[in-house]
Amino acid sequence: MAFLRRLFAKERTELTVELRERIRRSFEEAAADEEHFPSTIDPRIQHVRVILETFGPLDGKRVLDAGCGKGRFGRAILAEQPGARIHGMDLALAMLHHVQPPLFAAAGSLTALPYKDGAFDCAYATESLEHAVDIDLGVAELCRVVKPGGRIVIIDKNKDHWGKLETSEWERWFGREEMTRMLARHCREVSSRPISYWEDVEPDGMFLVWIATR
Ligand SMILES: C[S@@+](CC[C@H](N)C(=O)[O-])C[C@H]1O[C@@H](n2cnc3c(N)ncnc32)[C@H](O)[C@@H]1O
């Protein structure tokens with residue numbers, strides 16, 4: 001039995017490594033697709049506003065953008081909070097190529113963040129955790145690197161809307177309660193709500209935002 005358990009554990013690890021590499025290669029290629037993976041974002045979009053409003057003044061504060069892609073959120077935040085020190089972290093180097101100073105950039109995985117415990121004052125992840133495969137671990141890592149009292153914002157797609165968009169074979173969307181439970185294991189306060197792109201448009205429920213305090 002012990003032998004079989006070791007064999008299955010090894011197989012799971014190798015499967016994950018192989019899958020992670022496939023995901024990385026897919027995003028290395030996707031970086032050339034500016035239409036679907038844009039390098040800019042309209043700062044009026046609610047996804048940007050909610051991060052700025054949740055974090056408040058960011059002068060001298062260290063902020064993590066986990067799964068930052070081309071860094072479009074980081075640049076939009078920096079334009080309004082030029083004193084922030086925003087670190088973009090992503091799996092794909094071709095995405096990180098767009099993350100230039102004054103943004104900081106690092107290659108790594110959401111499930112093994114290349115930062116010390118409590119390295120950041122706050123952190124956000126927009127449409128990246130859905131690709132993390134081991135979601136529990138991704139959430140635990142995001143929380144680990146934020147200081148006690150720091151805020152965390154996750155914006156991702158709602159599992160209730162699964163099937164409405166084309167998805168990758170590894171992608172997972174989250175239920176409101178499901179992500180709340182994962183965050184609540186590490187955070188003292190968690191809230192969530194549907195979010196739309198524009199302030200004057202009712203959310204259709206496709207996107208959810210979770211806001212947590214470490
Ligand atoms: C849909 S894009 C979103 C990018 C960015 N957050 C944005 O909203 O513009 C997903 C990003 O997550 C990154 N990603 C996927 N799996 C990852 C992992 N395990 N660790 C770090 N980044 C990952 C991809 O390389 C890609 O840049």
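This is a predicted model: local features need pLDDT of at least 70, side-chain atom pairs count only at pLDDT 80 or more; totals for chains, interfaces and linings use all residues.

Student: What counts as a strand or a helix here, and when do two strands pair?

Tutor: Helices (H or I, at least four residues) and strands (E, at least two) are DSSP runs, numbered from the N terminus. Two strands pair if DSSP finds at least two bridges between them. Here, strand 4 (residues 120-126) and strand 5 (residues 146-157) run parallel, joined by six bridges.

Student: Which residue of strand 4 is the bridge partner of Asp65?

Tutor: That's Tyr124. Strand 1 (residues 62-66) runs parallel to strand 4, with three bridges between them. Strand 1 also runs parallel to strand 2 (residues 85-90), this time over five bridges, and Ala66 has Met89 as its partner there.

Student: What is the strand order of the open sheet?

Tutor: Seven strands make up the open sheet, in the order 3-2-1-4-5-7-6, and the pairing is mixed. Strand 3 (104-107) and strand 6 (189-195) are the edges, each pairing on one side only. From one strand to the next, the twist averages 15°. For the antiparallel part, look at strand 5 and strand 7, which pair over seven bridges; Ile152 stands opposite Ala212 there.

Student: How do I read the handedness of a crossover?

Tutor: Point the strands away from you: the crossover is right-handed if the path from the first strand over the helix to the second runs clockwise. Strand 4, helix 5 (residues 135-144) and strand 5 form a right-handed β-α-β unit.

Student: And what about burial?

Tutor: Count C-beta atoms, placed from the backbone: a residue is buried with 20 or more others within 10 Å of its own, exposed with 12 or fewer, and partly exposed in between. In strand 4, seven of seven residues are buried, and in strand 5 nine of twelve are.

Student: Why is Lys157 classed as buried?

Tutor: Because 20 other C-beta atoms lie within 10 Å of its own. Lys157 lies in strand 5. Contacts are read from C-beta atoms placed from the backbone, which must lie within 7 Å. Leaving out residues up to four places away in sequence, Lys157 touches Glu130, Trp173, Met206 and Phe207. As for Pro203, 46 residues away along the chain, its C-alpha atom is separated from that of Lys157 by 12 Å.

Student: Which residues come nearest to the ligand?

Tutor: A residue is near a molecule if its C-beta atom, placed from the backbone, lies within 6 Å of it. Of the 19 residues around the ligand, Phe27, Gly67, Gly69, Leu91 and His131 come nearest. Helix 1 (2-30) and helix 3 (72-80) are the elements that give two or more residues to this shell.

Definitions and conventions: Residues are numbered from 1 along each chain as its sequence is written. Axes are lines fitted to C-alpha atoms, for helices over the stretch in contact, and angles run from 0 to 180 degrees between N-to-C directions. Two residues are in contact if their C-beta atoms, placed from the backbone, lie within 7 Å.
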